[in-house]
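Hi,

Here is the structure I promised to pass on. Have a look at it first, and then read my notes below.

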Amino acid sequence: MNGPVTYDDADAVAVETGTEVEGHDAPLPEGGLGCHAGSEMAHAARMAGKSEILDQYAKDYPTGPHDQPQSMCPAFGSLRVGLRMKRTATILSGSACCVYGLTFVSHFYGARRSVGYVPFNSETLVTGKLFEDIREAVHDIADPEKLDAVVVTNLCVPTASGVPLRLLPEQINGVRIVGIDVPGFGIPTHAEAKDVLAGAMLNYARKEIEAGPVPMPASGKSDRPTVSLLGEMFPADPMMIGQMLAPLGLAAGPVVPCREWRELYGALDCGAVAAIHPFYTASVREFQAAGRPVIGSAPVGHDGTAAWLASIGDAFNIPTSQIAEAQNQFLPAIKAALAAKPVKGTITLSGYEGSELLVARLLIESGADIPYVGTACPKTPWSADDAAWLEARGVKVKFRASLEDDCAAMEAIKPDLAIGTTPVVQKGKEMGIPSLYFTNLISARPLMGVAGAGSLAEVVNGAMANKERMDHMREFFEGVGHKDTAGVWEGSPNLQPQFRAQNAKKLERAAKAAKAAEMI
């Protein structure tokens, strides 16, 4: 589909019915079923026929120094996307402990919808009965009066055992069935798992559009060319972006991941895509297949906004004078907002949301010194401009940064403030360094345009002002123990170092034996 989307008058769409076949027969993976149980489960998945999807994941989400997630289960990302969509049901297939953890976290973050679960045991897994149970569950839940789509997700064990979700029917009574594999050994972060589901939904919607007219989105069709926005954002950001696009004769399109199915049609019916979060590789592939250009970076700060508006204008062949008019309308206000709320101090910044480079740009233009930025997400063509801007200002940018990278940078730099993930913040506070959790305290604020300029100053300056209190707390708790000896002891802690030494020797012998076995 290289042209515009064709909408029908009636709210109906024709979908080809998929082929239903019998289940599979795959062995249980060897080496245990632990969380993110790496190479053994990946090998089992390939033996069970999942090589194609794992190869695609390896291209879309290349691993870094660590080949398994260091944050929460990746499937939380795709689960969150599905739970935030209207008229969409979610079914998980995985170990009970995994499903419990995922549903707990999803409801902790405000999900107001039940999560479906298809349990299994060794017999149903290896005989193919699990697939039949999943198919039965999908048929039971697919009510067109209540649902537009059902998302079925394989977690680690069903993926490793080859449960073939691709053999589920494409639709049941008009309810779309979207099956995805989200194993911890194939998806490095929960941020990228959002892209797995968003990309799968865009692929389905694109095929619907190619098949014929589709239902109009609830918001209707814009009378101006639109720019679809890729990546979860603070609610005010799309509105701010829309204001900046207006002088160019453009409008902000839907945000992907979308909140309802029809928004997918509107997202694909755009003139260009703004990859605000640059790691949505599968989604970008679907937009490019639809003939839509993809623009990286974002309208963040003075320089970022100027460059982004110019890139958008070029994509739509807008006259240079009109682009300059839009820039002149917003850039002075952004510059004034940054100057009004300066940030003074040295900050290390890391996270796994994918917007770390954008936040660093904003803080630097606010006056902060940021020698290190780490992101758990990979380097992509759509993050290149942000990385180049930061590196030109002496920032060390680390893609696929590990927890060890982030902590080492903080320990070496000893910043006035550490912004990072929970364990980084914990380590920083242990060192007496004021620290802020990136996800809840930084990314939950507007970043774009005038609204974003200066939005971080209050929380960042407030945290840095707590240095004296952090020093007092560190002094107060000095001597109560650390790690194994944490707490208050009546006597001396019984450390038993010989046990650790004995276990270390066992692990060393096991590693040597494994190495020798590889050479045979």
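Cys98 comes out as partly exposed, because its relative accessibility is 26% and the partly exposed class lies between under 20% for buried and over 50% for exposed. Cys97 counts as exposed, since its relative accessibility is 59%. Keep in mind that this is a predicted model.

Next, the surface. Tyr100, Phe104, Phe108 and Tyr109 make up a nonpolar patch there, and together they have about 510 Å² of accessible area. Tyr109 sits in the loop that runs between α4 (96–108) and β2 (116–117). With a relative accessibility of 32%, Tyr109 counts as partly exposed.

Now for a residue with another setting: is Ser283 buried or exposed? Ser283 is buried, because its relative accessible area is 0% and anything under 20% falls in that class. You will find Ser283 in helix α11, which covers residues 281–289. If you set aside the neighbours within four places in sequence, the contacts of Ser283 are Asp195, Ala198, Gly199, Leu202 and Leu230.

Then there is Ala310, which belongs to helix α12 (residues 301–315). Ala310 is partly exposed, at a relative accessible area of 25%. Which residues does Ala310 touch, leaving aside its neighbours within four places in sequence? They are Ile323 and Gln327. As for distances, Ala310 and Trp261 are 49 residues apart along the chain, and their C-alpha atoms are separated by 31 Å.

Last, a word on confidence. The chain has a mean pLDDT of 89, and 93% of its residues reach 70 or more. Residues 11–34 are another matter, with a pLDDT below 50, although this stretch has 64 contacts in the model beyond near neighbours in sequence. Where pLDDT is low, the predicted coordinates should not be read in detail.

Cheers

Key: Residues numbered from 1 in each chain as written. Predicted model: local features only at pLDDT ≥ 70, side-chain atom pairs only at ≥ 80, totals over all residues. Heavy atoms only, no water. Patch = residues over 30% accessible without salt bridge, like charges linked within 9 Å, V, L, I, M, F, W, Y side chains within 5 Å. Areas by Shrake-Rupley, 256 points an atom, 1.4 Å probe, with all protein chains shown as cover. Salt bridge = Lys/Arg side-chain N within 4 Å of Asp/Glu carboxyl O. Helix = DSSP H or I, 4+ residues; strand = E, 2+ residues; numbered from the N terminus. Buried < 20%, exposed > 50% of the residue type's maximum accessible area, 1.4 Å probe, protein only. pLDDT = per-residue confidence, 0-100. Contact = heavy atoms within 4.5 Å.
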